[in-house]
Amino acid sequence: MSHVSIRQLLKNFDGKPPTVAVDHLDLEIEDGEFLVLLGPSGCGKTTTLRCLAGLEQPASGSITLGDQVVYDGARGVNLPPDKRFIGMVFQSYALWPHMTVRKNIAYPLKSRKLTDALASGRVEETAALVDCERLLDRLPAELSGGQQQRVALARGLVSHPDLVLFDEPLSNLDARLRDQVRAELHDLHQRKPFTAVFVTHDQSEALALGTRMAIMRAGRIVQIGPPREVFEEPVDEYVAGFTGMSNRLPCEYVDGRWYALGTEIHGTQPGTVAAGEFVLRLRPEKIRLVTDVADLLPGEAGVAVTVDDVEYGGLHFDVMCSVVGDGAVRRQLHARIPTFDSARTPRTVNRGATMIFAFDPRDART
Ligand code: ATP
């Protein structure tokens, strides 16, 4: 059993000013679940992992791994890292440079005296799982970054630990390798589920890998759920911003019409009169840019914008624009639009053009 239960975990750091890195955190992780912790720099992700691993002593709370209490502040229980059955894979691969790949992968088995597993070919089996069995006799210096990361992965998994902790393990890889190792990790977990906590600040990694994802802010979890649920139904503006709803469009109702930053909203009105005033959160990918109000689709709202900048991204343009008439405050909005239209005709978007920033209010969150 490798169910993980974290109750009211508190971790402070002394300093000027003192920091509450993990603030009375509650978290239940099911057996075989791949939980991703997502949040901005400094929100407490790594400290949470380090408390789980026993590398950091919390101030209070409790952590249970399977049926073993590994930390309980009230009862004075705090098992050292080597007494917790946890595998770790970090951002820096941290392989022993003087040991072959085989010895690196075998290291947790040796240090845990799992001699049966060592003898039964577990190293080779785990190396095969991450596709590095051909590298077993090489030294880390003779491997590429992606190969080193796969070896680190094998070392984290080889002892079949109760829990595997990942701290941004893909962030040192270039974009292509990151995608490849991420896909391999996902496939591996699908084939042979293990309980994992994976820390990242990369939204796409969290969406791709997580059975559930937890969004952290200032040492607490603000939303937890399946990636699709968190992505589509963010509970507040913080989560919305963190999961890609990067546009903020303040709307207000004046004299019978809706306005965004002082400019009239055409087409479908974004709110009810009772709402009065609010900020809409919109995903750049859900925006259409059209040349005229008459081009709005049924159900769409649109506001006139000036195109400030256009970046070509291969399959899409990133278009930065600002609401026409947004006088003193030029607030940049972002539309990510395909470089081909629905008839597969290449599109162009010109800097300086006036266009209609079109959105469906049903795609927006407040
Ligand atoms: P990142 O994504 O940048 O790695 P994080 O979410 O993992 O950030 P933590 O490293 O857990 O954040 O840090 C949480 C808070 O605790 C931060 O404010 C950080 O400055 C503070 N902190 C972490 N380690 C220490 C330490 N050893 N001493 C003092 N403060 C610390």
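This note goes through selected backbone, helix and strand features of the model.

1. Basis. The model is predicted: local features need pLDDT of at least 70, side-chain atom pairs count only at pLDDT 80 or more, and totals for chains, interfaces and linings use all residues. Residue numbers start from 1 along each chain as its sequence is written. Helices (H or I, at least four residues) and strands (E, at least two) are DSSP runs, numbered from the N terminus.

2. Cis peptide. Lys16 and Pro17 are joined by a cis peptide bond, with omega about -5°. Pro17 sits in the loop between β1 (4–13) and β2 (19–29).

3. Positive phi at Glu168. Glu168 is not a glycine, yet its phi is positive, near 40°. The residue lies in the loop between β8 (163–167) and α6 (175–191). Burial is counted from C-beta atoms placed from the backbone: 20 or more others within 10 Å make a residue buried, 12 or fewer make it exposed, and anything in between is partly exposed. Glu168 is partly exposed because it has 19 C-beta neighbours inside 10 Å.

4. Positive phi at Ala218. Ala218 also is not a glycine, and its phi is positive at about 45°. Ala218 belongs to the loop between β10 and β11. That hairpin has two residues between its strands. With 16 other C-beta atoms within 10 Å, Ala218 is partly exposed.

5. Strands around β10. Pairing requires at least two bridges found by DSSP between two strands. β10 (residues 212–217) pairs with β3 (residues 34–38) in the parallel sense, over four bridges. In that pair, Leu37 stands opposite Ala214. β10 also pairs with β11 (residues 220–225), here in the antiparallel sense and over five bridges. Met216 stands opposite Ile221 of β11.

6. Helix α5: length. α5 covers residues 145–157, which is 13 residues. The expected span is 1.5 Å times one less than the number of residues.

7. Because 11 of its 13 residues are buried, α5 is largely enclosed by the rest of the structure. Among the buried residues are Arg150, Arg155, Gln147, Gln148 and Gln149, together with Val151 and Leu153. Contact between residues means C-beta atoms, placed from the backbone, within 7 Å. The buried residues of α5 pack against β7 (86–90), α2 (101–111), α4 (122–129), β8 and α6.

8. Packing of α2 on α4. The two helices meet at about 115°, with axes 10 Å apart. Axes are lines fitted to C-alpha atoms over the stretch in contact, and angles run from 0 to 180 degrees between N-to-C directions. Arg102, Ile105, Ala106 and Leu109 of α2 meet Arg122, Val123, Thr126 and Ala127 of α4. The contact residues divide into five nonpolar, one polar and two charged. Nonpolar covers Ala, Val, Leu, Ile, Met, Phe, Trp, Tyr, Cys and Pro; charged covers Asp, Glu, Lys and Arg; the others, Gly among them, are polar.

9. Four-stranded sheet. The strands of an open sheet run in the order β14-β13-β12-β16, with antiparallel pairing. β14 (263–264) and β16 (277–282) are the edges; each has a single partner strand, so one side of each lacks a neighbour in the sheet. β13 (residues 257–260) pairs with β14 over two bridges, in the antiparallel sense. Tyr259 stands opposite Glu264 of β14.

Definitions and conventions:
Two residues are in contact if their C-beta atoms, placed from the backbone, lie within 7 Å.
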